Amino acid sequence: MPTARRASVLRLDPPPSSFSGSSSPASPRATLRPVDALDRHFALEVPRVFSEAERAALVAGVRAARSEWTADFGGEQFSLGRAFYTHLETGRSRLYFADAAASDARVERHLPGLQRRMRELVAALTGGLAQPRRGFCGPGVHIFPAGEKVAREGGVVHFDTEGLSDYHLARRLRAITVVVMLELPDEDGGLKLWDVLYDGRDDPGDEAVFARSLVAGYSPGGALVIDSYRLHQIQPFPGDRDRISATVHAAEIDSGRWETWF
């Protein structure tokens, strides 16, 4: 299972040059793809995806949409826009797909432009075309409340493989998870990453957590990008401030063509 050459996070500063408002670069393979650095590093850090003013406006939009948050796992966490993995794990997949268009409309109404910007970031990182995945919900926001289970104990140790098809998994085609931190908790709340990649088992076994690891931190308005096959866990966070982040998953379905979802 050990995989990475370096237990490190590569900072892309300045951010990828193609992150300029277009989700369809003219030449997907013309330059080295930033995403390929995930073969050598545990994660990529992209600072300043959103300016401070943009970040604050997005947080305000999330707060104003409180009545339209989706409660998951009995209120342990919430989302604006439906998240596939929470619905899969709680037997609500039909609801996820039935409400996909309305979910995207809610996100756009409260956070105009967020989904487009997240897809643009995927395009910049991959040097390819980033398109919505048909029938799935687009990028959305996770809210982990202060004092709740994740804040006290940390998240579940897991891979982000729930949304990948059997075909994709069998061929180990590239897939990434992009998380932009909109509001940091008072302290901690980083992402622990292990030198362990998915090998067909959803439960990697107790021995996996003893592999070498690191905790990657976030910056306000900045992104962490990980291989969706990498074992990871949200770390506990004390204090009175919620942890609020925007997420998009992406899978390369053809050379230079990526599908995105939440």
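1. A residue is called exposed when its relative accessible area is over 50%, and buried when that area is under 20%. The points below use those words in that sense, and they concern a predicted model.

2. Which residues of α1 are buried? They are Arg55, Leu58, Val59, Gly61 and Val62. Because they cover an arc of only 160 degrees around the axis, these residues lie on the same side of α1.

3. As to what covers the buried residues of α1, the elements include the helices α4 (100–110) and α5 (114–126), together with the strands β4 (77–80), β6 (140–144), β7 (175–183) and β12.

4. Strand β12, which spans residues 243–254, is also the place of serine 245. This serine counts as buried because its relative accessibility is 2%, a value to be read against the cut-off of under 20%. Leaving aside residues up to four places away in sequence, serine 245 touches Gly140, Val141 and His142, as well as Val179, Val180, Met181 and Leu182.

5. The largest pocket has a volume of about 700 Å³. Of the 34 residues that line this pocket, Tyr85, Val156, His158, Asp160 and Glu162 are the closest to its centre. Two or more residues of the lining come from each of α2 (84–89), β6, α6 (149–153), β7, β11 (230–234) and β12, and β12 gives the most, with four residues. By class, the lining of the largest pocket comprises 14 nonpolar, eleven polar and nine charged residues.

6. The structure holds one cavity of 30 Å³ or more, and about 80 Å³ of space lies in the largest cavity. The residues that line the largest cavity are Phe84, Tyr85, Asp160, Glu162, Gly163, His249, Trp261 and Phe262, and they divide into four nonpolar, two polar and two charged.

Definitions and conventions
Residues numbered from 1 in each chain as written. Predicted model: local features only at pLDDT ≥ 70, side-chain atom pairs only at ≥ 80, totals over all residues. Heavy atoms only, no water. Buried < 20%, exposed > 50% of the residue type's maximum accessible area, 1.4 Å probe, protein only. Contact = heavy atoms within 4.5 Å. 1 Å grid on protein atoms, 1.4 Å probe; cavity = no way out; pocket = protein on both sides within 12 Å on 5 of 7 lines; lining within 4 Å. Points joined across faces, edges and corners; volume = space filled by probe spheres on them. Nonpolar A, V, L, I, M, F, W, Y, C, P; charged D, E, K, R; others polar. Arc of directions from axis to C-beta.
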